[in-house]
There are 2 protein chains.
Amino acid sequence: MKKANCLVAQSGGPTAAINATLAGVCEAALMSEAIDGIFGGLNGIEGIINGKTVDLKRMLECDINISRLKTTPSSFLGSCRYKLKSHEAAPDDYKKIFDLFKSLNIKYLFYIGGNDSMDTILKLKNYQSNIDDDEKVTLIGVPKTVDNDLCCVDHTPGFGSAAKYIATSIKEIAWDTAVYDMESILVAEVMGRNAGWLALSAGLARDIKGRCVSDLIYLPENPFDLNTLIEDIKKVKVNKKQIVITVSEGIRYSDGTLVSESKDKDVFGHGQLGGAAKTVAQYIKFKLGVKVRAVEINVLQRCAGHCLSKTDIDESVLMGRKAVECAVNGDTGVMITNKRKEGTEYNLDLGCENIELIANFEKTVPESYMNHEKNGISEEGLNYLLPLVEGEVNMEYKEGTPVYIKLEDIY
Amino acid sequence: MKKANCLVAQSGGPTAAINATLAGVCEAALMSEAIDGIFGGLNGIEGIINGKTVDLKRMLECDINISRLKTTPSSFLGSCRYKLKSHEAAPDDYKKIFDLFKSLNIKYLFYIGGNDSMDTILKLKNYQSNIDDDEKVTLIGVPKTVDNDLCCVDHTPGFGSAAKYIATSIKEIAWDTAVYDMESILVAEVMGRNAGWLALSAGLARDIKGRCVSDLIYLPENPFDLNTLIEDIKKVKVNKKQIVITVSEGIRYSDGTLVSESKDKDVFGHGQLGGAAKTVAQYIKFKLGVKVRAVEINVLQRCAGHCLSKTDIDESVLMGRKAVECAVNGDTGVMITNKRKEGTEYNLDLGCENIELIANFEKTVPESYMNHEKNGISEEGLNYLLPLVEGEVNMEYKEGTPVYIKLEDIY
């Protein structure tokens, strides 16, 4: 078989598992009889347009680098938020991209990312329908996003580690909140503009008796109502002095307004500070007069390499390897997928699906994953989430902190 | 030897290691020939005044409970912020406390806490100087505080785990920040009103080449100056596109005003949002026009049980055990201390010191632990911090999150 080179790049927001997928692509490419050189595109499609590539092969032939890459969070090759236009609107971009492919003898592109990245694959696929066969490149999208909002997959790589970090953090916040013998309400905010998967994962924060320690959970999927909130709190308060509430950043009132963008000063008595959790906390204080605190779970929810789900990392590597397998077997214009097998034990089938069915669609949390009151997780939701956060990764530490690698340090 | 009972309680803010110290006290008390019953006082001295105690002995004879207690963050017995008045000002409080001691045959009090808690021990000691010997109780303070600001100790239990969590978080934030090919500045805020120990620990966040990834660090010990800040940033910008800055919540201008309380709208062009990091970020944006982000490292810095320093937990247990040893040997009115032994290897001597030398004093970061420019850690500071964050704890996980216990669940 005549060998050709491949190009792999990463795009969109960082996750704790995107480098595990990169490592999986590289491992399989190194073993493949169809692939020779392995190039990394820097800063996603934007860097590729600007001709920024590195030779990954030499670097990743060293086992320790591959091993460290799997547990290094963020995007090893850098990322971009560049929205590739159609080839009619930006022919120069396409010329640069395909000139680069030609000059480096690239026949396979692996693009690891979320929804915008899959749109990039779709645009390249559309462009290729009008060019000569020998100029075409095998186009493979590999999913990653902490938002878990891609269609045609059971879940996205990166989500499991984010869910584990959020559940752990909410648990520790609940323990922290419970120490003083006084009434208090803590409102924690997690990422998720339209899909509430990350807020749902607060439902995993449970005590040894299996009770969820986030007493209330609100998702963008359900209209948020301040009166209902107060009623919900009153019910919890009957049995509990210290209450923890988790909200998605994207919760909205029934008229579609984001809670974080509330402008109505009258509702609160004074101006509002910004952020869904702050708005909610401020309203609770105004209505109930109890001690409140708003905590924004910060960027660590997407890049906490010290709190990885072993399941997530292992699967992310496998998805990367599968991408190479599909590419060599002739699939193109697809994204790698995972499906949960039928049966009581958790197992995945990996495959691929046409990019048209994925790009620009968004998967939200099904109604059945929430309880009847839409303020907590259901048994079905719990059963969906639990396998994704299982297992811990035995990390390499040096002088008290995890060892993470940077391209410029090992290249 | 005639046996008597002991009472142990916890006070002040939660830490990730205060329960390890409680476990140490209980382990040693269970073994001691001088101690029979082990009572826990709930919610510190406030709960003791109100007669709220539990029998810990039965519960903690179970090995799994002791083992889980050591790695459960927050305060297992609850806490308080109650400032005990002098016995002249609040004679009733003292009557209630000593009536409780008498009714439960308490001869030893172990009080685990920070500076306010040591003041409680001091007040009880002063009170005891005027009562009959047979009413006296052996008074032992056991240190804990993430702030590391107690005198007469090399460091305080709880600080090492907080420092490890902060260093790890800053490292992951730096990795997250570096993904886009654009100039940006992230300002992270950590706890510390007067003492900058926690901000100093950002100096532990280093890459595999040993370079600190928090490019600038500002402590409350040094007057904060906005012009100097901008000059410092300009120097870093020469070599780096994405900059990470760590500040203590307590940084102050040379006139003593807290940066977080800046009221001068003219300096910023508009109103200020609150928090030291937000103020600093806003000023940077105003002066340099680059993309900025402020991140407040949340309460997890004091209660992240999933990111413990093994050294911290092991030492916290030993400090608890030492408290019982000192009590039984006749020490009273003291706090348990640790001193670093001379020599290149890290080793501690445990002992105790009169509470008068500790209560109401505050230990800040020595000048020599910072670099010459007072915007980063020195080699000496690094050598001080490094042993405190060494080692990881092999945690018990269940369904994806660490197992933590609550009093009401196992009692």
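**Exercise 1. A residue at the contact between the chains**

Which residues does Asp409(B) touch, not counting residues up to four places away in sequence? Work out also where Asp409(B) is placed and whether it counts as buried or exposed.

*Solution.* Keep in mind throughout that this is a predicted model.

Step 1. Asp409(B) has its place in helix 15 of chain B, which covers residues 407-410.

Step 2. With residues up to four places away in sequence set aside, Asp409(B) touches Asp207(A), Ile208(A), Lys209(A) and Arg211(A).

Step 3. With Arg211(A) there is also a polar contact, in which the side chain of Asp409(B) and the side chain of Arg211(A) come to 2.5 Å.

Step 4. The relative accessibility of Asp409(B) is 10%, and because buried means under 20%, Asp409(B) counts as buried.

**Exercise 2. The interface as a whole**

Describe the interface of chain A and chain B by its residues, its buried area and its polar links, and then find which elements of chain A contribute to it.

*Solution.* The size of an interface is often given as the accessible area lost when the parts come together.

Step 1. Chain A gives 63 residues to the contact, and chain B gives 63 residues.

Step 2. Between them the two chains bury about 5,200 Å², of which 54% lies on carbon and sulfur atoms. On the side of chain A, the residues that lose the most area to chain B are Glu172(A), Trp175(A) and Ile208(A), which together make up 14% of what that side buries.

Step 3. The count of salt bridges between chain A and chain B is 10, and one of them joins Asp176(A) to Arg302(B), with the closest N and O atoms 2.7 Å apart. Across the interface, 34 residue pairs are in polar contact, with both residues at pLDDT 80 or more.

Step 4. The elements of chain A that give two or more residues to the side touching chain B include helix 7 (159-177), strand 9 (291-296) and helix 12 (300-303). The largest share comes from helix 7 of chain A, with 10 residues.

Step 5. Sorted by kind, the residues on the side of chain A that touches chain B are 27 nonpolar, 15 polar and 21 charged.

**Exercise 3. Salt bridges within a chain**

*Solution.* Over all chains, the structure holds 50 salt bridges.

Step 1. Lys95(A) and Asp99(A) form a salt bridge whose closest N and O atoms are 2.7 Å apart. Both residues lie in helix 5 of chain A (residues 91-103), 4 residues apart, which is about one turn of the helix. Asp99(A) counts as partly exposed, at 39% relative accessibility.

Step 2. In chain B, a salt bridge joins Lys322(B) and Glu325(B), with the closest N and O atoms 3.1 Å apart. Both lie in helix 13 of chain B (residues 310-328), 3 residues apart, again about one turn of the helix. Lys322(B) counts as buried at 16% relative accessibility, whereas Glu325(B) counts as partly exposed at 41%.

Step 3. An α-helix has 3.6 residues a turn, so residues three or four places apart point the same way.

Step 4. The side chains of Lys241(A) and Asp181(A) meet in a salt bridge of 2.7 Å, N to O. This pair links distant parts of the chain, 60 residues apart, with Lys241(A) in the loop between helix 9 and strand 8 of chain A and Asp181(A) in the loop between helix 7 and strand 6 of chain A. Lys241(A) counts as partly exposed at 41% relative accessibility, and Asp181(A) is partly exposed at 39%.

Step 5. Salt bridges can also be linked in a network, as they are for Lys83(A), Asp116(A), Asp119(A) and Lys123(A).

**Exercise 4. Helices of chain B**

How many residues of helix 1 of chain B are buried, and what do the buried residues of helix 4 of chain B pack against?

*Solution.* 

Step 1. Helix 1 of chain B (residues 18-31) has 14 residues, which at 1.5 Å a residue should span 20 Å, and its end C-alpha atoms are 20 Å apart, which agrees.

Step 2. This helix 1 is mostly covered, with 12 of its 14 residues buried, among them Leu22(B), Val25(B) and Cys26(B).

Step 3. In helix 4 of chain B (residues 63-70), the buried residues include Ile66(B) and Leu69(B). The buried residues of helix 4 pack against helix 1, helix 3 (56-60), helix 13 and helix 15 of chain B.

Key: Residues numbered from 1 in each chain as written. Chains lettered and ligands numbered in written order. Predicted model: local features only at pLDDT ≥ 70, side-chain atom pairs only at ≥ 80, totals over all residues. Heavy atoms only, no water. Contact = heavy atoms within 4.5 Å. Buried area = accessible area lost by both parts, 1.4 Å probe. Salt bridge = Lys/Arg side-chain N within 4 Å of Asp/Glu carboxyl O. Polar contact = N/O pair within 3.5 Å; in protein donor to acceptor, adjacent residues only side chain to side chain. Nonpolar A, V, L, I, M, F, W, Y, C, P; charged D, E, K, R; others polar. Expected span 1.5 Å × (residues − 1). Buried < 20%, exposed > 50% of the residue type's maximum accessible area, 1.4 Å probe, protein only.
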